[in-house]
Amino acid sequence: MATKQPKHRGIRDRLMALRLSRNLTSNMLAQLSGLTHTTIRQIESGRTVPGVDTVEKLANALGVDACWFTFGHPEAAQHPVQALIAPDFHPIQLVAELRALLSGRSGHIDDTYKYLDPIGAAQFQELHQQADFADEVFTIPIRDIAAEVGRLVGETPLDLLGLGVGSGDHEVKLATKLGKHPDMRLLMLDISLPLLAEAAQNAIKRLPPARKIPVLCILGNFHQLPAYSFLESQGPRRHLVTMFGYTFGNLENEVRFVRNSLSWLSSGDLLLLDVDCAVAPAADSALIMKRDRALSKEGAPAWLGQVEEFLTGPIWRYGSGVRDVSVTRTLDIHSTPVPNSYAIDIRAQVESASGRKEFSIGYTKRYDIHGLAACMKKEQWHLVQHWSYAEGRSMVCLFEKREAEKAVRSPKRRIAKE
Ligand SMILES: C[S@@+](CC[C@H](N)C(=O)[O-])C[C@H]1O[C@@H](n2cnc3c(N)ncnc32)[C@H](O)[C@@H]1O
């Protein structure tokens, strides 16, 4: 005769194992949980299916997660994801600044303003999800990068701080690959609330649940980083600062950004920059014009039109009396701060009720690895390794901060001078 299999074997086993491991009789557990010992015996024998209230009472009494107790696997959203609004972060003030800029006749629209509203954020997200654009940006060799970072940091507590994370795809992937690290936090900073919300959802969905990596989403401005004292770590934590998605090369002056906004980082901290590569020496403008996809007549990728729509969006939304906007892309080899690099200056000619205006709406740099490494070295950031991807059009560069020994004058010499 076939014996009747008890139902809900999993929860029954977990209950019995936990009770015995805590040296509790069913009477003792009944007292702790507020249930009767009959209920407990019936669950353990598989004769009763516990309801939600009963499960919660038992999980509380045994000091375990109710979801794990019920299903035997962790809750999907187990990561402690927290959000923080950085001090002095005033998006409405940023909108006022943008309006003031657009009321003038010319100027540069910094990236800071383009993702603020949900329309800009959504356009960027659509661009990201477009197949041929995604094909390029998602070939970043995250696994190799994680292996190198893992080798450098070992088991030292680590803060992975993503700057301008957008929807956080790369940072979440990197944190996942670094998931074996025993003490890591993921901090994601962005100026755009809609994109940061996506990043938080991404972390909740994709980070390995068992690892419980603490996640902090920070709504703030990366130009104000030195004022964010909450980023300073207590004890020996290393930082891995990332800037994916060409965010570094889009800065108006990236060298001064490193000097002014990343100066609080210490020796041993790491900086990961995802940048576009120069297609020809910066001195050879004819060759650049021929080879660079943003400038050459042929070979411009289809998504470039979408980029222009995204870049001109703020003019239409925040400018007044705008009638027409046209876009030109020009080569700038004169005013880029990193030697041997050049920039694509995307400029918008605006017809408005108050006359003709012109704005630089995108300023994106292409780098030569030697020029970038030499320049960063002067800022105390030493190139450790770089990985090229997207058929050599882009690269991710890993730098380590090594502070120069402070020159200490010997007392003897000082006395001699005096
Ligand atoms: C080019 S997108 C890159 C996004 C993302 N890292 C990626 O790889 O897709 C630039 C990101 O930087 C953010 N950003 C721009 N200026 C910023 C600022 N001043 N402070 C913080 N985030 C900023 C934007 O909201 C946007 O998410």
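1. The structure under discussion is a predicted model.

2. Packing of helix 6 on helix 14. Helix 6, covering residues 91-103, packs against helix 14, residues 304-318, at an angle of about 90°, and the two axes are 10 Å apart. Helix 6 is therefore roughly perpendicular to helix 14, since angles of 65 to 115 degrees are classed in that way. From helix 6 the contact draws on Val 95, Leu 98, Arg 99 and Leu 102, while helix 14 contributes Pro 314, Ile 315 and Tyr 318. Sorted by class, the contact comprises 6 nonpolar residues, no polar residues and 1 charged residue.

3. Where is Phe 359 found? Phe 359 belongs to strand 10, residues 355-367. With a relative accessibility of 1%, Phe 359 counts as buried. Among the residues that Phe 359 touches are Leu 102 and Ile 315, and both of these also take part in the contact between helix 6 and helix 14. Other contacts of Phe 359 include Leu 101, Gly 104, Arg 105, Ser 106, Gly 107 and Ile 109, as well as Ile 346, Arg 347, Ala 348 and Val 350. Phe 359 and Ile 315 stand 44 residues apart in sequence, with a C-alpha to C-alpha distance of 9.1 Å.

4. Aromatic pairs. A pair of aromatic rings is described by the distance of the centres and the angle of the planes. The count for this model comes to 7 aromatic pairs. In one of them, Phe 222 and Phe 257 have ring centres 5.4 Å apart and planes at 75°, so the pair is edge-to-face; the cut-off for that class is over 60 degrees. Phe 222 sits in the loop between strand 5 (215-219) and strand 6 (238-243), and Phe 257 in helix 12 (residues 254-261), so the pair ties together parts that are 35 residues apart in sequence. Phe 222 is buried at a relative accessible area of 12%, and Phe 257 is likewise buried, at 3%.

5. A stacked pair. How are the rings of Tyr 228 and Phe 230 arranged, stacked or edge-to-face? Tyr 228 and Phe 230 form a stacked pair, with 5.4 Å from centre to centre and 20° between the planes. Tyr 228 is buried, its relative accessible area being 2%, whereas Phe 230 is partly exposed at 28%.

6. Tyr 115, Phe 124 and Phe 310 form one aromatic cluster. Gln 123 is placed in helix 7, residues 118-129.

7. Val 255. Val 255 lies in helix 12, the helix that also holds Phe 257. At a relative accessibility of 9%, Val 255 counts as buried. Beyond residues up to four places away in sequence, Val 255 touches Pro 337, Val 338, Cys 375 and Glu 379. Between Val 255 and Trp 381 there are 11 Å, C-alpha to C-alpha, at a sequence separation of 126 residues.

8. Positive phi angles. Most residues other than glycine have a negative phi. Asn 340, although not a glycine, has a positive phi of about 65°. Asn 340 is located in the loop between strand 8 (322-332) and strand 9 (342-352), and counts as partly exposed at 45% relative accessibility. Ala 390 is also not a glycine and has a positive phi of about 50°. Ala 390 occupies the loop between strand 11 (381-389) and strand 12 (394-401). Is Ala 390 buried or exposed? At 10% relative accessibility, Ala 390 counts as buried.

Conventions: Residues numbered from 1 in each chain as written. Predicted model: local features only at pLDDT ≥ 70, side-chain atom pairs only at ≥ 80, totals over all residues. Heavy atoms only, no water. Axes fitted to C-alpha atoms, helices over the stretch in contact; angles between N-to-C directions. Helix = DSSP H or I, 4+ residues; strand = E, 2+ residues; numbered from the N terminus. Parallel < 35°, antiparallel > 145°, perpendicular 65-115°, else oblique. Contact = heavy atoms within 4.5 Å. Nonpolar A, V, L, I, M, F, W, Y, C, P; charged D, E, K, R; others polar. Phe/Tyr/Trp six-rings, centres within 6.5 Å; stacked < 30°, edge-to-face > 60°. Buried < 20%, exposed > 50% of the residue type's maximum accessible area, 1.4 Å probe, protein only.
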